[in-house]
Structures are given as C-alpha cells and as structure tokens.
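Please open the model in your viewer and keep the sequence panel beside it. The stops below each begin with something to select.

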Amino acid sequence: MRVGFGLGFLVLGNCIYPLCFGCNQGEDGQTVEVPHSVSTNKEQISNIHNNLSYVGKAAKAYRPRPPPYFRGYTLPPDHPCNRFTLPPPPADKKRTGPRPCPVCYLPLEEAIALMPSSPSFSPVLKNLTYIHEKPLNRKTEFGGSDFGGYPTLKQRRRSFNIKGTMSVHCGFVKGPEPGRGTGFDISEKDLLEMKRCRGIVVASTVFDAFDDVKSPSNISKYSEQTVCFFMFIDEKTESSLKRDKSFNRTTKKVGLWRVVVVHNLPYTDGRRNGKVPKLLVHRLFPNSRYSLWMDGKLDLVVDPHQILERFLWRENVTFAISRHYKRFDVFVEAEANKAAGKYANASIDFQVDFYKKEGLTPYSTAKLPITSDVPEGCVILREHVPISNLFTCLWFNEVDRFTSRDQISFSTVRDKIAARTKWNVSMFLDCQRRNFVVQRYHLADQEKLKKKRTPMAILPPPALVSSELPRKLTNLSQVVSITPPKRQGRDIQLSARSQSLNVTALHTKTL
C-alpha cells in the first residue's frame, strides 16, 4: 500500500506540474510552453519576484537536475511569435534609409523565467587563458601595442588552431588582472563592483566627451536590481559630465548607469580605446554570464532580459550582432571607410590586401547561410563561454594589429574559427536592432544641427536718405520709367534684383 500510494503521489505530482508551468524542458532541447500572457514591460511587474521565487521552489521540488549545458528551446506551435512576420517596406520609395521594424518579444516575466540555468556548449575549446608578459616582448613583424602585446604572425596562426585548452593574447598583457597597472586602469572600488556582476551586464563607453550620457529607459524594477549597468568614461568626459544635472556625484551614477572613470588609457585614439570594453567585456567582468554592449550614442529602450531571450536564448546562440543595413561585402565596406575618411587609406588597403592573400573573397550567395560579412557593430549580444570569448579576443587582436575599423576584420576572424568548429555568429536584421536602441547624434553633430536650426535675424530695410521725394505721387510711372544701361551675364540678374527692390521701397514710402 505504501508503495502504491507513493507511486500514485509521484504520478499525480508529475501531472500537476505541467498543468501549472507547462512542459518547461527547454534545457533538453524540447518544446517549452509559456503562459499566454499579454503583459508588456511597460505594465506593472510588482509580482515578478514572488512569481519567480515560486517557480524556483517548484523547480527545486519537482524538476530533475539540469543538464550540464543549455540546449535551447522552441516556443509552442500556436505561440504568437511563431506566426509573427515582418510588415512590408513602406510604400514611399523616397524613404530608403534605415528604420526600426517590429520585434516579437516575450512578456517580461516569461523572458526572465526562460533565462538558462546552465551555460551553453562551447565546441572544441573548453579552457581559455590569457597571456601575461613581463617584461613585454616587442619583437613582431608589424602592429601590436603595449596594451595588447606584440604577437608574431606565427602566434597569430596558432591562435586560430582551435584546441581544447588555449592561451592567447587578449589585451591587458602588462598585468595579471585587467584594470590594475595594465593600461585602462580602474579604481579598486569599481573593480570590486564589477566582480560582483554574476548575471547580465550592460556596458557602454564615452571617451573624449564625444557623446552625452543618457540613462536606459523602459527597464523593469527586476532588471534594475539584478542587471549591472556600467558606463566607462575618461577624465575629459568626466569633466564635462560634472556639469550635467543628471550626474549624481554621491552615487557616481547617471540614472541606471554606474559611471566608471578609466585612467591611463592605452591609446591616443578615443575610438580605439572604446574597443577595449566593447570586445573585452568578458575580461572586465570575469564572473558575468551574459553581456549587452552598446555604443555611447545609443539609448536602450527595451529590457535586457527580453532582448537576450529574443536574440540569444530563443535562437540557441552565444553571439549575436546585427548586420549592416546596406553593405555586406568587406571590400565595399573598406572603400566606404576610405571615402568617408574613417582611417588612413594606405592602412585600410594594407589590411584588405593581407586578408585577400589569406583567402578573403567578395561576399556571394555561396557563403549562405551566412548572410553578411559586414556587421553594424554598435550592439553586441553574447554569452561568456570559452569559444565566444576566444572570438572577441582574436577580433581585438586584429583591431590592435591593423586598423581600428572592426567591421573589416570581423568576417576573417569569424570564418577562421568556424572552419575549425561548428560555432558561428548569429546576424540579425539592423531594423531589429533599431527596435531596442535609439540612435542619437554625437555631441559635435548636435551642435551643428542647433546652428542650422537657429533662425537668422531679420534686419529692417535701410531708411531713405533723400528728403526731396514727394510724400505722394499720382503717377508712379514717372519714377520707374528710367531705362538702365545694358548689362551682361551676372550683372543682369543683380541689376534686375536691385531695381525691383528700389521700386518696392519707393512705392512703400510714397504710400
């Protein structure tokens, strides 16, 4: 009887759980049912903590031990996001520029509940360490820096030979720990806070006072308490920020951003310095699981949990970036950079020729399912697993060796790693990126626009000097019947214009 009662209770328990929570077996790669909720991140979410704690208790009581790796999930067939399609482009053919498009996010509570409890699988590479050189070896063929080191071309080739255990250059080579005497130095207090980030980190940077700092919006209370928001700035930006009313000097915050002042910057170019937190965020936040990087010119307007669920967890990928809205070929991108004066033309040509000798070819449909070789690199979504960490390390090394235009080196690093593993990068539409971040103009561009919008002062017409003109004329033709001398070219236009103005002024005076 006891055995029967126990089996009955076990069966009953297994029946009750799916009714309450659905078949939440996403980590085993099975279909996962989510509640059909119509709530959004703009609605009240005061019950999230209670609901999540209840789910956690139920999972602890009934669910089996989670697998060692997250294997993805699929939404139910009748889920609205499975029927979601992008609307057609606007009918107005003149509107050809980039613009946002709709994205099917899950309601916030569902996205939080689907956050994986286990890391994703890292193909081939299991253990990744980073090279620390003291004293620094500067013997290399070309390129490199005291911050990123001077790896030889032989070391570069070895870094693309993916193995189970690897040690590679990945910035911060002068010290055992990033931020301490390595260049890109950070205070002990900030470093301690960065180590405490164990879940999701949202990071951005503003150097050379190039942009203004704006706090993310539409962020849930739950994410405000669990997600780390870090904004890295230099001393010049700090001086400018202190005059901003939104900056809290006591908490060192601008809204949700915790502002971190970086000292001893490794490069003289602010844009190259920005590549450090952009590509090496896993080194600055060694305990975080996921990161969302965004350029300083962007405003985040969607909750990070919903973004990561849509572009990482639902797709079962560890690295996602939007593709360029217009260009998808590295050779075309290089020419566009040269035309815009983004970098020295000779340096861009040298880099492209180097890649061409290694086998780089123009993009074609033969590369499908890869849809583009050129990213719009202002937003990066990633999980910090060894293979994705290796990708950004090697991508940073290319930026350190060649030009700082990371769009040029992206596909070379991606394709070399993909050739050795089954890992690849997910590239979503640029219009989808524009759905969750809003782009602002740089400060210099904002000042230019203000000057253009300032109306010009309208001066009154000059007063007539002659006092011999009659107060009233009965026949205006007596005054304007003077025939001017013949003129040619530009003088004809100037003469006609001045004559018209004189007639108007005279007619006004006489009336």
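What is the order of the nine strands in the open sheet? Select them and read across: E5-E6-E7-E4-E3-E8-E11-E10-E12, with mixed pairing; strands (E, at least two residues) and helices (H or I, at least four) are DSSP runs numbered from the N terminus, and two strands pair if DSSP finds at least two bridges between them. The edge strands, each pairing on one side only, are E5 (247–248) and E12 (426–428).

This is a predicted model, in which local features need pLDDT of at least 70 and side-chain atom pairs count only at pLDDT 80 or more, while totals for chains, interfaces and linings use all residues. Residues are numbered from 1 along each chain as its sequence is written, and side-chain values use heavy atoms, with hydrogens and water left out.

Next, select Glu 376 in strand E11 (residues 375–383). Glu 376 counts as buried because its relative accessibility is 15%, where buried means under 20% relative accessible area, with a 1.4 Å probe and protein chains only. Arg 323 lies 53 residues away from Glu 376 in sequence, yet their C-alpha atoms are 5.1 Å apart. Leaving aside neighbours within four places in sequence, the contacts of Glu 376 (heavy atoms within 4.5 Å) include Arg 323, Tyr 325, Asp 430 and Arg 433.

Definitions and conventions: Buried means under 20% relative accessible area, exposed over 50%, partly exposed in between (1.4 Å probe, protein chains only).
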